Amino acid sequence: MGLIEGEEELIYTAVGAVLQSCGTGRESLIPVLQGVQGRLGYLPRLAMKRIAEAMQLPEVEVFGVGTFYNGFRLTPPGRRQVKVCLGTACHMMGGHIILESFERRLSIHEGETTPDREYSLERVACVGCCALAPVVVVDDKVEARVSPIRVDGILLTFEIEKKEQEAEQQREAGQQQEEQHREEGREA
Ligand code: FES
């Protein structure tokens, strides 16, 4: 997945700060990867490349560690993190159909993030509310007894919220501009 504007600089800053506190010895590789993921939310390829250079390790070794452990995330988290439960109860109640519905609607596969980084999609094991199966967790909010139609409803709600937020931001920016013009008018 490509980087977004300004991300390259963020990556270099994060890697530099983590290397400074953890050191560049080989034994620090996992803490460094954890630290960088903690700061960026995931492990971008560029970060692993930079870490390999700084620690004087073969890139393949750093990539190998990054991809081996489940705790490391190689794709950026979306602003909305959709987790579809595929534990036994949810699977029996059609959890895989729900996952497919999200995949179709978002045009991504599980484990991926939409190019605009709005949504990431994952499958998870039992989240502890089997009586509500099939369950989807979006940003820590549990959606119960989800159907393919409900998938459309969930995504539509987010689209509406996003449009409202954008409109609000535009209104605020317009007000700030107006105030600035008034200030300038008073000073002139
Ligand atoms: S299997 Fe999905 S909540 Fe338990």
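How many bridges join strand 3 to strand 4, and do they run parallel or antiparallel? Three bridges join strand 3 (residues 136–138) to strand 4, and the two run antiparallel.

1. Basis. The model is predicted: local features need pLDDT of at least 70, side-chain atom pairs count only at pLDDT 80 or more, and totals for chains, interfaces and linings use all residues. Residues are numbered from 1 along each chain as its sequence is written.

2. Domains. The chain is assigned domain 1 (7–68) and domain 2 (80–174), with bounds from an automatic or database domain assignment. Their C-alpha centres lie 30 Å apart.

3. Helix 1 and helix 3. Helices (H or I, at least four residues) and strands (E, at least two) are DSSP runs, numbered from the N terminus. Helix 1 (residues 7–22) packs on helix 3 (residues 45–55) at about 40 degrees, with the axes 10 Å apart. Axes are lines fitted to C-alpha atoms, for helices over the stretch in contact, and angles run from 0 to 180 degrees between N-to-C directions. Helix 1 is therefore oblique to helix 3; angles under 35 degrees count as roughly parallel, over 145 as roughly antiparallel, 65 to 115 as roughly perpendicular and the rest as oblique. On the helix 1 side, Glu8, Ile11, Tyr12, Val15 and Leu19 meet Leu46, Ala47, Arg50, Ile51 and Ala54 of helix 3. Contact requires C-beta atoms, placed from the backbone, within 7 Å. By class, there are eight nonpolar, no polar and two charged residues. Ala, Val, Leu, Ile, Met, Phe, Trp, Tyr, Cys and Pro count as nonpolar, Asp, Glu, Lys and Arg as charged, and the others, Gly among them, as polar.

4. Helix 3 and helix 4. The angle between helix 3 and helix 4 (residues 59–68) is about 130 degrees, and their axes are 8 Å apart. That makes helix 3 oblique to helix 4. Met48, Lys49, Ile51 and Ala52 of helix 3 make the contact with Glu59, Val62, Phe63 and Gly66 of helix 4. This contact has five nonpolar, one polar and two charged residues.

5. Four strands form an open sheet in the order 2-1-3-4, with mixed pairing; two strands pair if DSSP finds at least two bridges between them. Strand 2 (119–124) and strand 4 (141–143) are at the edges with a single partner strand each, so one side of each has no neighbour in the sheet. Neighbouring strands are turned by 25 degrees against each other on average, direction ignored. Val136 has Glu143 in strand 4 as its bridge partner.

6. Helix over the sheet. Helix 6 (residues 95–106) lies across strand 1 (80–85), strand 2 and strand 3, and runs at about 150 degrees to strand 1.

Terms used. Two residues are in contact if their C-beta atoms, placed from the backbone, lie within 7 Å.
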